[in-house]
Amino acid sequence: MDKTKIMMCRCEDVTLADLHQKIDEGYHTFEDLKRLLRIGMGPCQANTCGHLIQRELASYLKKPVTETRPHKSRPV
């Protein structure tokens, strides 16, 4: 599996490799990742990638999804 070819956020061109790199650096919340990688800030506003990234974050950290906070929706 080539992590550099798996897109996690299409709007901002964030790959699975990008996501795992930031998690390894110690960024463990959606909000931290959002500020660094701009995930969820594109035209879809995380409607496409939000749940996908939340599940991947939980899986990578070996936590239940219920222990990872979802992204915050903010008005445009």
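Contact here means heavy atoms within 4.5 Å. With that in hand, welcome to a predicted model, shown in a handful of close-up views.

**View 1. Helix 3 and the elements around its buried side.** Let us start with helix 3, which covers residues 50–60. Buried residues in this helix are G50, I53, Q54, E56, L57 and A58. What do the buried residues of helix 3 pack against? Their partners are strand 1, helix 1 and helix 2.

**View 2. Helix 1 packed on helix 3.** Here helix 1, residues 16–24, meets helix 3 at an angle of about 50 degrees, and the two axes are 11 Å apart. The pair is therefore described as oblique. As for handedness, helix 1 makes a right-handed crossing with helix 3. On the helix 1 side, the contact is made by L16, L19, H20, I23 and D24, while helix 3 brings I53, E56, L57 and Y60. Sorted by class, six residues of this contact are nonpolar, one is polar and two are charged.

**View 3. Helix 1 packed on helix 2.** Now turn to the pairing of helix 1 with helix 2. Their axes come within 11 Å and cross at roughly 120 degrees. Helix 1 and helix 2 are therefore oblique to each other. Helix 1 passes helix 2 in a right-handed crossing. You can find the contact at D18, L19, K22 and I23 of helix 1, and at L33, L36 and L37 of helix 2. This contact holds five nonpolar and two charged residues, with no polar ones.

**View 4. The largest nonpolar core.** In soluble globular proteins, nonpolar side chains tend to be buried together. In this model, the largest nonpolar core has 14 residues. Which of them touch the most other members? They are C9, L19, L33, L37, I39 and I53. At least two residues of this core come from each of strand 1 (7–9), helix 1, helix 2 and helix 3. Take L37 as an example of its surroundings: not counting residues up to four places away in sequence, L37 touches E12, V14, D18, L19 and K22.

**View 5. I39, a buried residue in a loop.** Where does I39 sit? Its place is in the loop between helix 2 (30–37) and helix 3. Is I39 buried or exposed? I39 has a relative accessible area of 0%, so this residue is buried. Setting aside neighbours within four places in sequence, I39 is in contact with C9, V14, F30, L33, K34 and I53. Another residue to look for is E12: the C-alpha atoms of I39 and E12 are separated by 6.4 Å, although the two are 27 residues apart along the chain.

View 6. With a relative accessible area of 2%, C49 is buried. Which residues are in contact with C49, leaving aside its neighbours within four places in sequence? These are M8, C9, G40 and C44.

Key:
Residues are numbered from 1 along each chain as its sequence is written. This is a predicted model: local features need pLDDT of at least 70, side-chain atom pairs count only at pLDDT 80 or more; totals for chains, interfaces and linings use all residues. Side-chain values use heavy atoms; hydrogens and water are left out. Axes are lines fitted to C-alpha atoms, for helices over the stretch in contact, and angles run from 0 to 180 degrees between N-to-C directions. Helices (H or I, at least four residues) and strands (E, at least two) are DSSP runs, numbered from the N terminus. Angles under 35 degrees count as roughly parallel, over 145 as roughly antiparallel, 65 to 115 as roughly perpendicular and the rest as oblique. A crossing is left-handed if the near helix is turned anticlockwise from the far one by less than a right angle, and right-handed if clockwise. Ala, Val, Leu, Ile, Met, Phe, Trp, Tyr, Cys and Pro count as nonpolar, Asp, Glu, Lys and Arg as charged, and the others, Gly among them, as polar. Buried means under 20% relative accessible area, exposed over 50%, partly exposed in between (1.4 Å probe, protein chains only). A nonpolar core is a set of buried Ala, Val, Leu, Ile, Met, Phe, Trp, Tyr and Cys residues joined through side-chain atoms within 4.5 Å.
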